[in-house]
Amino acid sequence: MIVQSLKKIVQTDIQLAEKYYSILFTINNLHLTEREIQLIAFTAIKGNITYANVREEFCKTYNSTSPTINNIVSKLKRLGIFVKENGKVKVNPKIIIDFHKDLMLNIKLVHEETSINVSEGVDHQEDGN
């Protein structure tokens, strides 16, 4: 087994969340855009993306628009990344961590084990002797 350690220094909780979600979704082949990851990270830090003032802050920070947020929210809800809880759109609690603390990830990439059936595809017949 190969072990590799990486260290990345970030300035803010949102940057840490962006890095985390980028890795998480890349590992799971979700192919999300940078803007989608930014919205997920921002929402994880802010708690929700429901209120107008939070949406406005996102738009100012990331030079985005309210219709863009609506489109992304719809997609992320379909994927199960965003959930609606008590009338608020939030990041699914299953993928929320405390981004105020430093984070160490342990990612184990393993080969799929394959079983070989030696009799598969073999026509075995007795020759009568």
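Among contacts in the protein between residues at least 6 apart in sequence, 54% join residues at least 24 apart; contact means heavy atoms within 4.5 Å. The model is predicted, so local features need pLDDT of at least 70, side-chain atom pairs count only at pLDDT 80 or more, and totals for chains, interfaces and linings use all residues. Residues are numbered from 1 along each chain as its sequence is written, and side-chain values use heavy atoms, with hydrogens and water left out.

**Overall layout**

- The protein has four helices and two strands. Both kinds of element are DSSP runs, numbered from the N terminus: helices are H or I with at least four residues, strands are E with at least two.
- From the N terminus on, the order of elements is α-α-α-α-β-β.
- Of the 129 residues in the protein, 28% are buried. Buried means under 20% relative accessible area, exposed means over 50%, and partly exposed lies in between (1.4 Å probe, protein chains only).

**Helix α1 against helix α2**

- Helix α1 covers residues 13–27 and helix α2 covers residues 34–46. They pack at an angle of about 125°, and their axes are 8 Å apart.
- That angle makes α1 oblique to α2. Angles under 35 degrees count as roughly parallel, over 145 as roughly antiparallel, 65 to 115 as roughly perpendicular and the rest as oblique.
- Axes are lines fitted to C-alpha atoms, for helices over the stretch in contact, and angles run from 0 to 180 degrees between N-to-C directions.
- The crossing of α1 past α2 is right-handed. A crossing has that hand if the near helix is turned clockwise from the far one by less than a right angle, and is left-handed if anticlockwise.
- On the α1 side, the contact uses D13, I14, A17, E18, Y21, S22 and F25. On the α2 side, it uses I37, Q38, I40, A41, F42, A44 and I45.
- By class, the residues of this contact of α1 with α2 are 10 nonpolar, two polar and two charged. Ala, Val, Leu, Ile, Met, Phe, Trp, Tyr, Cys and Pro count as nonpolar, Asp, Glu, Lys and Arg as charged, and the others, Gly among them, as polar.

**Helix α2 against helix α4**

- Helices α2 and α4 pack at an angle of about 80°, with 10 Å between their axes. They are therefore roughly perpendicular to each other.
- R35, E36, L39 and I40 in α2 meet T68, I69, I72, V73, K75 and L76 in α4.
- The contact of α2 with α4 holds six nonpolar, one polar and three charged residues.

**Loops between helices**

- Most residues other than glycine have a negative phi.
- N29 is not a glycine, yet has a positive phi of about 55°. N29 sits in the loop between α1 and α2. At 54% relative accessibility, N29 is exposed.
- H31 is also placed in the loop between α1 and α2. H31 has a positive phi of about 50°, and is not a glycine. With a relative accessible area of 67%, H31 is exposed.
- S64 lies in the loop between α3 (52–62) and α4 (66–79). With a relative accessible area of 14%, S64 is buried.
- Leaving aside neighbours within four places in sequence, S64 is in contact with R35, F58 and C59.

**The hairpin**

- Strands β1 (residues 82–85) and β2 (residues 88–91) run antiparallel and are joined by four bridges. Two strands pair if DSSP finds at least two bridges between them.
- V83 has K90 in β2 as its bridge partner.
- Two residues stand between the strands of this hairpin, where N86 takes a positive phi near 55°.

**Links across the sequence**

- I45 belongs to helix α2. At 25% relative accessibility, I45 is partly exposed.
- I45 and I96 are 51 residues apart along the chain, and their C-alpha atoms are separated by 9.2 Å.
- Not counting residues up to four places away in sequence, I45 touches D13, I14, A17 and F99.
- I95 lies in the segment after β2. With a relative accessible area of 18%, I95 is buried.
- I95 and Y20 are 75 residues apart in sequence, and 9.9 Å apart in space, C-alpha to C-alpha.
- I95 touches Y20, Y21, L24, F25 and I81, not counting residues up to four places away in sequence.
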